[in-house]
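Dear colleague,

I am handing over the structure that I said I would send, and I would be glad if you kept it open while you read the notes that follow it.

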Amino acid sequence: MTDWNEFEFDTRAIRAGQVRTEEGEHSEAIFPTSSFVFKNAAQAAARFAHTEEGNIYSRFTNPTVRTFEHRLASLEGGERCIATSSGMAAILTTCLGLLKAGDHILASRSIFGTTVNLFSNILGRFGVETTFVNLTDFSEWEAAITPKTKLLFLETPSNPLTEIADIKQLADLAHAHDSLLVVDNCFCTPVLQQPLSLGADIIIHSATKYLDGQGRCIGGAVVGPESLLGTDIYSIMRSAGPTMSPFNAWVFTKGLETLSLRMKAHCESALILAQWLEQQPAIERVYYPGLTSHAQHELAKKQQTGFGGIVSFEVKGGKEQAWKLIDSTRFLSITANLGDTKTTITHPATTTHGRLTDEQRQTAGIKDGLIRISVGLENISDIQADISRDI
Ligand SMILES: *Cc1c(COP(=O)(O)O)cnc(C)c1O
């Protein structure tokens, strides 16, 4: 098989991982099969005994899923990728593979709400404790790390305020305490940021977002070294079964082929929108790492090759004005999904962050006037016009 590591990113995004069948198909094949047949009883026995490599059952391996795994591993610069049925399944599989009762997770407070719930309420029942700290306050991370801490977990940029964590600094902290840094790279994708090259140990993806890019399928992935994924994490995959379906793997594989172009277009439009929003008198504040007014603009420039497609802003007048603006749009999709070609608009305080108490929302900086936009690929002047109908 070709060693794709010799090739540039855009070439790998289109070519890596494809294995042609005897049919000579040009586009990647889909193998919707639950099991695989053996030539004879001896081969079946050899496959089950692992003395011969090969497919047995699609919960373990499937050729279409493997193509997606090889392609994404190549893009993130990781030795191994394990595809999962969702982004949450990727996080769960990683935790089940690497943690046991008594272990401690140190996580950013600004992570996906369902991840907070998974850590606090579900893993908590199995004796794994989590402490949440401020993403950008290094002294909080330092103070909260304990001998029991096995994982540091973060997203950067964060949702919805686009705060940036210094990946290298936190990777060094993790390693000094015999622990691992896990980065959920959903917002940047490997096009804009490659956390493994900055010292992170494991990457999480919700493929549901930019990797698909057109809002069609739910899926996820874990990327990292063979030493962590090959046995501990893969054995959870095999025995607990949060497997990605071949059809979804095929959609994500084709999504990766256009990821680079899409991310560049998302970044371009998001910057235009953020700069324009910053000049509107009805807008209190804009959060976008590409703005020089962003508190960590320099760090974002150093760590990322683009600033992403998520723009958040506060309108004057709180929830009432925020809802009014959202309801005045004609074509933007009022939905919590992101990373789509279609622009989406959400009111975090009453949706994604609606389950938090007022005090938790205050601490998290989620104001009542905050709106989050995932900038899509429609013409930017139409997006702008749709937002400005009420401002
Ligand atoms: C959506 C999302 C997840 C969860 O992914 P699913 O595919 O919905 O399970 C995890 N992390 C981030 C940052 C997300 O945006």
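**The loop between strand 4 and helix 7**

P160 has its place in the loop between strand 4 and helix 7, and since this is a predicted model, please read what follows with that in mind. The peptide bond that leads from N159 to P160 is cis, with omega near 0°. P157 is found in the loop between strand 4 (149-155) and helix 7 (167-176) as well, and the bond from T156 to P157 is likewise cis, with omega near -5°. T162 is also placed in the loop between strand 4 and helix 7; this residue has a positive phi of about 55°, although it is not a glycine.

**How the two domains meet**

The domain assignment divides the protein chain into domain 1, made of 4-30 + 62-257, and domain 2, which covers 260-390. Their C-alpha centres lie 24 Å apart, and across the boundary 31 residues of domain 1 are in contact with 35 residues of domain 2.

The size of an interface is often given as the accessible area lost when the parts come together. Here, domain 1 and domain 2 bury about 2800 Å² between them, with 56% of this area on carbon and sulfur atoms. On the side of domain 1, the residues that lose the most area to domain 2 are L161, L192 and Y210, which together account for 27% of what that side buries.

What kinds of polar link cross this interface? There are 14 residue pairs in polar contact between domain 1 and domain 2, whereas the count of salt bridges between them is 0. The elements that give two or more residues to the side of domain 1 touching domain 2 are helix 1 (9-15) and helix 8 (189-192), and helix 8 gives the most, with 3 residues. Sorted by class, that side of domain 1 has 14 nonpolar, 11 polar and 6 charged residues.

Finally, please look at the open sheet, in which 5 strands follow the order 8-9-12-11-10 with mixed pairing. Its edge strands are strand 8 (283-287) and strand 10 (333-334), each of which pairs on one side only. Strand 8 and strand 9 (residues 310-315) pair in the antiparallel sense over 4 bridges, and if you look for the bridge partner of V286 in strand 9, you will find F313.

With best wishes

Technical notes
Residues numbered from 1 in each chain as written. Predicted model: local features only at pLDDT ≥ 70, side-chain atom pairs only at ≥ 80, totals over all residues. Heavy atoms only, no water. Domains from an automatic or database assignment. Contact = heavy atoms within 4.5 Å. Buried area = accessible area lost by both parts, 1.4 Å probe. Salt bridge = Lys/Arg side-chain N within 4 Å of Asp/Glu carboxyl O. Polar contact = N/O pair within 3.5 Å; in protein donor to acceptor, adjacent residues only side chain to side chain. Nonpolar A, V, L, I, M, F, W, Y, C, P; charged D, E, K, R; others polar. Pairing = 2+ DSSP bridges.
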